[in-house]
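Colleague: Could you talk me through this model before I set anything up? I'd like to start with the helices.

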Amino acid sequence: MGASSGPRRLSGMQKQALALYRGFLRAARSKPAEERRQIESVVSSEFRKNSKQVDRKNFIYIEYLLCRGNKQLDQLKSPDTVGLSSLSVDSSSQTTGYYY
């Protein structure tokens, strides 16, 4: 009887992360097809990388990533922004950059 009866409830941060991910995918729909695929690829890889590398109990860092992601999403929603790219800053960190 180890299995639970019903879907697992998401925490508030998990809901925020999921909403952010969906927001990026929605914003990508407003871009040209080639940029849309590139945006979807970068967003997917960044979220996947962070889900594997960030400790789930490191709430402060997760809140920082959510805040940074929301700012990046606001920039991506701008009609002047055509896409984004993942830029490696150094061997220990990764950042996402935008081009106009």
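**Helices, charges and burial**

Modeller: Helix 2 has Ile 39, Val 42, Val 43, Ser 44, Glu 46 and Asn 50 as its buried residues, where buried means under 20% relative accessible area, exposed over 50% and partly exposed in between, with a 1.4 Å probe and protein chains only. This is a predicted model, in which local features need pLDDT of at least 70 and side-chain atom pairs count only at pLDDT 80 or more, while totals for chains, interfaces and linings use all residues. Residues are numbered from 1 along each chain as its sequence is written, and side-chain values use heavy atoms, with hydrogens and water left out.

Colleague: OK, and what is the secondary structure of the chain?

Modeller: The chain has three helices and two strands, in the order α-α-α-β-β along the sequence; helices (H or I, at least four residues) and strands (E, at least two) are DSSP runs, numbered from the N terminus.

Colleague: How far does helix 2 reach from its first C-alpha to its last?

Modeller: Helix 2, with 21 residues, reaches 30 Å, close to the 30 Å expected at 1.5 Å a residue, the expected span being 1.5 Å times one less than the number of residues.

Colleague: Back to Glu 46, then: which residue forms a salt bridge with it?

Modeller: Lys 49 does, with the closest N and O atoms 3.9 Å apart, and a salt bridge here is a side-chain nitrogen of Lys or Arg within 4 Å of a carboxyl oxygen of Asp or Glu. Both residues lie in helix 2, three residues apart, about one turn of the helix. A search of the whole structure finds one salt bridge.

Colleague: Is Glu 46 buried or exposed?

Modeller: Glu 46 has a relative accessible area of 8%, so it is buried.

Colleague: Switching topic, which residues are buried in helix 3?

Modeller: In helix 3 they are Ile 62, Leu 65, Leu 66, Arg 68, Gly 69, Gln 72, Leu 73 and Leu 76. Of these, Gly 69 lies 7.1 Å from Leu 20, C-alpha to C-alpha, although the two are 49 residues apart in sequence.

Colleague: And where is Leu 20 found?

Modeller: Leu 20 is found in helix 1, and Leu 20 counts as buried because its relative accessibility is 4%.

Colleague: What percentage of the residues in the chain is buried?

Modeller: Buried residues make up 29% of the 100 residues in the chain.
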